[in-house]
Structure formats: C-alpha cells, structure tokens
Amino acid sequence: MGEEKKPQPAGVWPTVKPFVNGGASGMLATCVIQPIDMIKVRIQLGQGSAAQVTKTMLKEEGFGAFYKGLSAGLLRQATYTTARLGSFKILTNKAIEANDGKPLPLYQKALCGLTAGAIGASVGSPADLALIRMQADATLPAAQRRNYTNAFHALYRIVADEGVLALWKGAGPTVVRAMALNMGMLASYDQSVEFFRDSLGSGEAATVLGASTVSGFFASACSLPFDYVKTQIQKMQPDAEGKYPYTGSLDCAMKTLKSGGPFKFYTGFPVYCVRIAPHVMMTWIFLNQIQKLEKSVGL
C-alpha cells in the first residue's frame, strides 16, 4: 500500500510547489528591502552617498519615494525568483537522482545555480527593466520623465513605444549578472552553513544569519560589476541627435573602465552588499517559514 501512495503527491502541486514557495519568499523579502534597493539605484546614477540620497529623497519626494517601483519589484520576484528557486530545486533533485541519492559536490550545486539564474533572469528581465526605469524616472529632467504609474503600465508603454523586443533590453547583462550572483550565493552559502553548523556548532538562527551574510557578500562581489553595466544600459536615453551613449554592454563596460577604472564598477558596493545580504537571508527565512506552514496544514 505504501508503494501505491507515492504517485499521488506527484500531481500538479508537488511540481508547482517549489516555484510558488520561491516566488512568495522573494516577494516578502522585497517588501522589506525595497527602500535600500531604491537608494542603491540612486547612488549608481550618481546622486551622492547613501546618507545624501536618503536625505534628498525624504526632503524632496517624501517617504513614499522609497517604495516607488514596488509593483515592478514584486512582479520581478514573481517571475525571476519563482523561476530561479523553482528551477534550482528541480535541477538539484535531478542531479541528486543521477548521483544515486548522494549529496551534491559544490561544483555541481554551483552549476545548478548558474543554470537556474539564467532561466530566472530570462523570465524576469521585462519586470527588471520596468523596475529600473521606474526607480530612475525621478532623477531625469521633467521633460524626459516617462511617468509610469505602475509596473504593468510601464510594460505596456515599453511595448507600445519601443516594441516587444525592447522588454529584453539589457537582458544579456541581466542574465550574466544573475548567473554570477547565483553562483556566488549558492556556493558560499552551502559552505558557510556547514562551517557555522558543523565547525562552530551554531544554532539554526545563527547559522542562517551567518551563512546568509557570507553568501550575500560573495553574491554582491560577483554580481555588482554586471549590475552596474545592466543599470547603465537599461536607463540610458538618446541625446538630441537620437544617439545612445553606449552601443551595448561591452561598449559600456569598456567606456566605464576607461573613464573610472575597475573600481567604478563597484560604485555603491556597501549599500549593494547591505541590500543583497538581508534579501538572501530573508528569502531563506521566509521560505523556511512557508514550508513549515505548508507542512502543518498537510500541503
């Protein structure tokens, strides 16, 4: 009888579950992190330090400015993180099966993370573009502002004004950034969990906090250069002659390197790191709580 019961859970829900859980945990984390993300974008756009940006935003735009683009941020998590964490779970499960049930070595987890990051970024790129444009809109001169009211309005306007393919403008660096971030995050997270739990004997809360902080740092260090290029490409506008400042990601990277050196790519690194680490931590915490809740109600 035990053998007959196994196929029943293998319906729609067990397949969809990792995607639903991943998206929900990412969206909850984003609600907390959105203000820090907003400050990070403003710093990258050259508006000053974290303290200066915060002070200026509060004085000129009010507290609501910190949550501008939240709808796009939530849509991005509903697409990117849903696809990323869901596909990562499926890929690792398949890899474990191929490994005869043995734990995966670090390089295999990193490869699964790279693949999952690419899948998630490809799906989430339109929402990411909408988020960047909504956050950058207030920094533009009044005549150049797009004045999107929400994420769906932004997507509609982008398609209407620039065509469907414009939704994937900057998708190349977005995908590469996501691959770099997921590789850094997953590889260091697993190692850190083992270190905090097994070597230091830390409890669950301390292990999650410590490992998430370490993985957040490496995710930031691996992904910020790509994030910087992606932001510059996505927010660029043509000049009076209709010419864009960059012809593509490589051109942007080379011009940035020439004008500001390698450290220019790490503009806003402290804030970026502070944003990434808590988001990683809270995503895992929320995911853990969601899974506990589902278990308690028999899902």
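**Pockets and repeats in a predicted model**

The largest pocket holds about 1300 Å³ of space. A pocket here is an open set of points on a 1 Å grid over the protein atoms alone, where a 1.4 Å probe fits, with protein on both sides within 12 Å along at least five of seven lines; lining residues have an atom within 4 Å of a point. Its volume is the space filled by probe spheres set on the points. The lining counts 37 residues, and F88, K89, W284, L287 and Q291 are the closest to the centre.

This is a predicted model: local features need pLDDT of at least 70, side-chain atom pairs need 80 or more, and totals for linings use all residues. Numbering starts from 1 along each chain, and side-chain values use heavy atoms, without hydrogens and water.

Which helices build the lining of the largest pocket? At least two residues each come from α2 (12-44), α4 (70-98), α7 (171-199), α8 (204-235) and α10 (269-296). Helices are DSSP runs (H or I, at least four residues), numbered from the N terminus. The most comes from α10, with nine residues.

Now the second largest pocket. Two or more residues come from each of α2 and α4. The largest share, five residues, belongs to α4.

Residues 13-94 are 83% helix. Residues 203-293 are 76% helix, and their end C-alpha atoms lie 21 Å apart.
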